[in-house]
Number of protein chains: 2
Amino acid sequence: MSKSGEKLAASGEIKFAPCHEYSAVGPMSGIISASMPVFVVENETAGNRAYSNFNEGLGKVLRFGANSPEIIERLRWIRDVLAPALRNAILACGGVDLKTLTAKALQMGDECHNRNLAATSLLTRTLMPALVKTCPPNKLEEVASFLAKNDHFYLNISMAACKAILDAAHGIPGSTLVTAMARNGVEFGIRVSGLGNEWFTAPAPYVKGLYFPGYNDEDANPDLGDSAITETCGLGGFAMAAAPAIVQFVGGTPQDALNYTLEMYNITLTSNPAYTIPNLGFRPTPTGIDVLKVVETGINPIINTGIAHREAGVGQIGAGLVRAPMECFVAALHRLAETIS
Amino acid sequence: MSKSGEKLAASGEIKFAPCHEYSAVGPMSGIISASMPVFVVENETAGNRAYSNFNEGLGKVLRFGANSPEIIERLRWIRDVLAPALRNAILACGGVDLKTLTAKALQMGDECHNRNLAATSLLTRTLMPALVKTCPPNKLEEVASFLAKNDHFYLNISMAACKAILDAAHGIPGSTLVTAMARNGVEFGIRVSGLGNEWFTAPAPYVKGLYFPGYNDEDANPDLGDSAITETCGLGGFAMAAAPAIVQFVGGTPQDALNYTLEMYNITLTSNPAYTIPNLGFRPTPTGIDVLKVVETGINPIINTGIAHREAGVGQIGAGLVRAPMECFVAALHRLAETIS
């Protein structure tokens with residue numbers, strides 16, 4: 001257990017949307033209701049916590065706006081079976097060191113936003129001995145099967161870990177560090193360390209990417225969801241050089257993936273020595289978006305993300321790439337100038 | 001289940017060393033005795049089978065020449081607990097599609113010789129739902145813990161899969177394809193498709209690499225083991241571009257890893273469209289060492305491998321890189337010329 005890392009804890013806290021006000025990162029669509037279980041991630045260095053709901057998988061899922069009876073049924077199963085089993089397993093392990101797990105996954109082709117196969121597999125393999133002890137025997141096969149089939153299960157945990165890191169950097173007077181990027185399908189917003197709880201928004205752009213069979217641009221909703229917290233923390237699009245195979249899911253070439261990461265070094269305040277990219281000679285991931293550098297360079301932060309259908313009830317229809325709108329950063333910079341002068 | 005792939009089967013076959021005579025790939029040191037369980041890999045296209053023993057882990061293990069009571073105890077546990085549990089789980093799954101699993105692992109930073117973290121994690125996650133059903137409940141935690149801790153568990157399965165592929169290409173008159181490379185700690189030998197069961201040998205070279213703490217060059221035995229069957233099949237050193245993080249285990253830089261793979265395209269007859277390398281724009285792995293091309297270009301096949309202590313009983317002391325000796329290929333080429341003239 002890393003003392004300076006993020007730790008997956010298990011407890012009964014429940015938080016409501018709007019997510020970022022409560023240090024929670026949640027669904028792209030739908031809400032986290034009072035009866036839904038959440039993961040609790042502790043920032044052991046700073047002492048703060050962040051929360052996320054459970055990842056349901058791809059396609060027809062609540063977080064992309066689907067809401068049919070089988071989806072409600074799966075959410076109930078997550079509440080009644082999966083969450084208690086994982087809670088007990090996580091408690092039995094004394095927590096899971098997410099810093100080390102994410103670092104390993106970055107060496108294994110994940111960028112921990114839209115590619116989480118390695119992290120999910122490592123987490124499953126790590127928790128399984130404890131799950132065997134703590135899960136009711138008649139539920140163990142269901143739990144193992146769900147974890148074996150949902151390659152994106154780690155996504156929400158990754159989001160909460162990023163949130164726990166960034167919340168600790170929020171509220172530093174004069175700081176130009178972006179501490180959140182979030183989208184609600186209509187607007188794209190950023191929050192800045194030195195500017196309190198004000199959000200700087202612009203119209204949400206459309207995502208360019210690959211569609212699941214049967215869908216195209218005309219079906220897509222503008223960009224939405226809390227998951228850009230991963231890019232804000234140096235993962236996702238910022239760490240795409242670590243995950244060249246992701247281009248099969250979001251489009252482009254492995255060289256594009258490399259280039260996105262290299263470009264992001266121009267707009268970040270630092271890099272994260274805990275998270276390194278083998279393809280770049282173990283160079284640390286570009287971390288900490290700087291409002292000033294974004295405006296100075298004209299480079300918009302890159303985000304890879306899922307695409308939701310514009311009509312409620314359908315769910316996820318693809319995945320691709322999108323840039324954070326420059327207007328948000330320009331507006332934040334003007335406000336920063338006001339606070340200093 | 002891929003009909004044209006390799007499949008992990010489960011049965012009771014037992015084979016003796018010398019391994020390659022029985023389509024088995026086995027320990028670097030020690031033997032596979034009659035009471036030891038083996039994995040059975042079926043080549044569904046060609047109908048042949050290959051076999052391997054179970055991977056015990058790193059350090060003090062039989063396959064690197066260690067032989068203390070705790071090692072014998074672990075081998076007994078593998079025979080009595082792990083093997084029956086896995087046998088039943090594999091049977092319950094109807095086999096495991098190794099072609100797909102290896103292909104996925106290559107997208108996740110494994111080269112399936114000395115880096116098997118992704119493949120082992122995927123295999124564990126895939127088998128766990130069946131294991132829950134088939135393993136005696138009081139043994140499940142032990143089995144899950146062993147699989148959670150041994151990051152190299154897939155190595156021996158990878159070896160047997162490669163053996164099953166290459167055996168199907170053996171015995172083609174006039175063919176210059178290398179169908180096996182193996183080392184016994186004294187000699188390095190190759191077998192060629194068009195030259196029957198004759199081995200062409202040269203003194204085994206020393207491995208250059210990284211040592212575990214407390215060991216150095218003077219402790220090392222010359223190169224040994226059957227695992228170079230993976231390189232013979234286009235994995236391991238030949239697929240190192242897929243596994244840049246492996247250089248932390250075997251030495252060198254990620255650029256070296258890329259260069260080894262690029263170099264190997266010069267001495268291979270083809271490339272394998274089932275196994276692709278994201279870092280190289282999903283270029284297929286260089287596959288099928290050609291005796292003629294090796295001699296013509298003067299490029300020795302690259303192998304990454306473990307280093308055993310030169311004294312029996314100590315076990316693995318490091319890992320590194322070694323080149324197959326040119327003399328083997330020159331001798332084989334002379335014999336090929338004789339068979340044709």
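Start by showing chain A and chain B together: across their interface the rule finds four salt bridges, each a side-chain nitrogen of Lys or Arg within 4 Å of a carboxyl oxygen of Asp or Glu. Before going on, know that this is a predicted model, where local features need pLDDT of at least 70 and side-chain atom pairs count only at pLDDT 80 or more, while totals for chains, interfaces and linings use all residues. Residues are numbered from 1 along each chain as its sequence is written, chains are lettered from A and ligands numbered from 1 in the order in which they are written, and side-chain values use heavy atoms, leaving out hydrogens and water.

Now select Glu141(A) and Lys133(B): their side chains form a salt bridge at 3.6 Å, N to O.

Next, colour the side of chain A that touches chain B. Its largest share, 11 residues, comes from α3(A) (helices are DSSP runs of H or I, at least four residues, numbered from the N terminus).

Zoom out to the whole interface. Here 33 residues of chain A are in contact with 33 residues of chain B, contact meaning heavy atoms within 4.5 Å.

Finally, select residues 117–134 and 137–149 of chain A, helices α3 and α4. Their axes (lines fitted to C-alpha atoms over the stretch in contact, with angles from 0 to 180 degrees between N-to-C directions) come within 10 Å and cross at roughly 170 degrees. That makes α3(A) roughly antiparallel to α4(A), a label for angles over 145 degrees. Show side chains, and you'll find residues including Met128(A) and Leu131(A) of α3(A) meeting a group in α4(A) that includes Leu140(A) and Leu147(A).

Note on methods:
Helices (H or I, at least four residues) and strands (E, at least two) are DSSP runs, numbered from the N terminus. Angles under 35 degrees count as roughly parallel, over 145 as roughly antiparallel, 65 to 115 as roughly perpendicular and the rest as oblique.
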